[in-house]
Amino acid sequence: MSSYRKIELEKNLTTKGNVWLFFLLLGCPYGAVGKWGLQILFWLTGGGFGIWTFITIFRVGTLVENHNRPIRIELESIERKEKEEADAKQLAMLAAIKSS
């Protein structure tokens, strides 16, 4: 079950390149990281009359990091649980071998 969740989370990770493509081709940097409310506001104000657009150019890396951070934390948690389960299975097998 956790492997399906892990795959789903990995699909949600984004890269700076993807955000730059969305930004340059579609004018959609916030939509690329799932912040559609902010994206609509960005469009309605014309990119904050250009000022917001200028600031966003320097914030793309931060947008990506903020988007990916909770996903990476959950991925690490899943991987930790998988490792603990694998270790417990190995210990159980070793205990079974010793007892026989």
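Trainee: Is glutamate 82 buried, partly exposed or exposed?

Mentor: Glutamate 82 counts as partly exposed, at 25% relative accessibility. Buried means under 20% relative accessible area, exposed over 50%, and partly exposed in between, with a 1.4 Å probe and protein chains only. Please note that this is a predicted model, in which local features need pLDDT of at least 70 and side-chain atom pairs count only at pLDDT 80 or more, while totals for chains, interfaces and linings use all residues. Residues are numbered from 1 along each chain as its sequence is written, and side-chain values use heavy atoms, with hydrogens and water left out.

Trainee: Which side chain does glutamate 82 meet in a salt bridge?

Mentor: The partner is lysine 6, at 3.4 Å from N to O. Glutamate 82 belongs to helix H5 and lysine 6 to helix H1, so the pair links distant parts of the chain, 76 residues apart. A salt bridge here is a side-chain nitrogen of Lys or Arg within 4 Å of a carboxyl oxygen of Asp or Glu. Helices are DSSP runs (H or I, at least four residues), numbered from the N terminus.

Trainee: And lysine 6, is that buried or exposed?

Mentor: Lysine 6 is buried, with a relative accessible area of 18%.

Trainee: How many salt bridges are there in the whole structure?

Mentor: The search finds five. One of them joins arginine 5 to glutamate 74, with the closest N and O atoms 3.0 Å apart. Arginine 5 lies in H1 (residues 2-12) and glutamate 74 in H5 (residues 51-99), so this pair ties together parts that are 69 residues apart in sequence. Both residues count as partly exposed, arginine 5 at 32% relative accessibility and glutamate 74 at 30%.

Trainee: What about lysine 83, which residue does it pair with?

Mentor: Lysine 83 forms a salt bridge with aspartate 87, the closest N and O atoms being 3.2 Å apart. Both lie in H5, four residues apart, about one turn of the helix. Lysine 83 counts as exposed at 54% relative accessibility, whereas aspartate 87 is partly exposed at 30%. Elsewhere, salt bridges that share partners join Arg5, Glu8 and Glu74 into one network.

Trainee: Changing topic: at what angle do the axes of H1 and H5 cross?

Mentor: They cross at roughly 160° and come within 10 Å. The axes are lines fitted to C-alpha atoms, for helices over the stretch in contact, and angles run from 0 to 180 degrees between N-to-C directions. H1 and H5 are therefore roughly antiparallel to each other, a term used for angles over 145 degrees.

Trainee: Which residues of H1 and H5 meet?

Mentor: On the H1 side they include Ser2, Arg5, Lys6 and Leu9, and on the H5 side Ile71, Glu74, Leu75, Ile78 and Glu82 are among them. Contact means heavy atoms within 4.5 Å.

Trainee: Take isoleucine 78. Buried or exposed?

Mentor: Isoleucine 78 counts as buried, at 10% relative accessibility. Leaving aside neighbours within four places in sequence, isoleucine 78 is in contact with Ser2, Arg5, Lys6 and Leu9. Isoleucine 78 and lysine 6 are 72 residues apart in sequence and 7.2 Å apart in space, C-alpha to C-alpha.

Terms used:
Helix = DSSP H or I, 4+ residues; strand = E, 2+ residues; numbered from the N terminus. Parallel < 35°, antiparallel > 145°, perpendicular 65-115°, else oblique.
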